[in-house]
Amino acid sequence: MPAELPAPPGTAVGRKAALIELDRLADPYGDRPRPVLLRGPSGTDASALALHWAHSVLDAFPDGQLYVDLREADGAPRRALDVQRRLLRVLVPDPSAHPPRDTVVGAVRLRSALAGRRVLVLMDHARSADQVRPLLPGAGCAVLVVSRIRLTALLAFEGFRTVSIGPLGDGDAVRVLADLLGRRPEPEMEHLVGLCDGLPLVLRMAAEWLRANPGQTVRELVRRMGDVDPARARTPVGRMAAVLNAGPVANRRDRGEVPTALGPPEQSVRLASYAPLSLR
């Protein structure tokens, strides 16, 4: 029995309505589970929500769960034929079986391997309907596809239903940040979640910076996000990434300080090696 689901990264605060809609549309405990497309822009953590939902309905799929990442490590879309071959090795572990040569044969073999089974198939980072269609099982299995794109062809021709999510509200975003930090909500957090646009991914990045810099405050992180050059990063994800990637040298340069030691800046990062640069 395959059990391929990764662990969900954290809780699904503020996503109760989306979870209820997934239950309603997918109907995991019904006789014929239905395919659903979960769509969310970058930073909304649609993948994390999908995993959270999948783990909540494990008992509805006693024959296992398959997880497919449709994105290569370099960000390129993964070929459906490669995915078919991997899934068939999992479902039909026969060393003498020859891998399918094309997606048409692969789709037939995959449906045959899943026939009579009640399996949940979670496909993440889908870029097109052509990636998904050759991987669809027959009746009795449930399919949840996660994508940033509205894959209209799946809705029109494959019977998919859509659940769309967006940023968190301010109250839920503050709760998420406070939970990540293990603190009570603070007034300064409201300004920070505003700069993060309520995006769960950016909130996790902010929490990581604060944990890695225990001597710094939420107010300091707000200041650093505001100091990021808009030409370098225009989105909340980009601004937070710029703060995370900034080392001690970059941080001092952002404050208008220049090195006073003879060595190159990256070798002179002690406090005494820097002095404020006068504006006059």
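Predicted model: local features only at pLDDT ≥ 70, side-chain atom pairs only at ≥ 80, totals over all residues.
What covers the buried residues of helix 2? The cover includes helix 1 (16-26), strand 1, strand 2 (65-69), strand 3 (120-124) and strand 4. Helix 2 spans residues 46-56, and its buried residues are Ala46, Ala48, Leu49, Ala50, Leu51, Trp53 and Ala54. Buried here means under 20% relative accessible area, exposed means over 50%, with a 1.4 Å probe and protein chains only. Helices (H or I, at least four residues) and strands (E, at least two) are DSSP runs, numbered from the N terminus.

Residues are numbered from 1 along each chain as its sequence is written, and side-chain values use heavy atoms, leaving out hydrogens and water.

The chain averages a pLDDT (the predictor's confidence in each residue, from 0 to 100) of 87. Strand 1 (residues 36-39) has the highest confidence at 98, while strand 6 (residues 257-259) has the lowest, a mean of 44.

## Helix 1

On helix 1, Ala18, Leu19, Leu22, Leu25 and Ala26 are buried. Those residues fall within an arc of 135° (taken from the directions from the helix axis to the C-beta atoms), so they line one face of the helix. The face turned away carries exposed Lys16 and Ala17. Just after helix 1, Asp27 has a positive phi of about 50°.

## Strand 1 and its partners

Strand 1 runs parallel to strand 4 (residues 142-147), joined by four bridges, with Val36 opposite Leu144. Strands pair if DSSP finds at least two bridges between them.

Conventions
Contact = heavy atoms within 4.5 Å.
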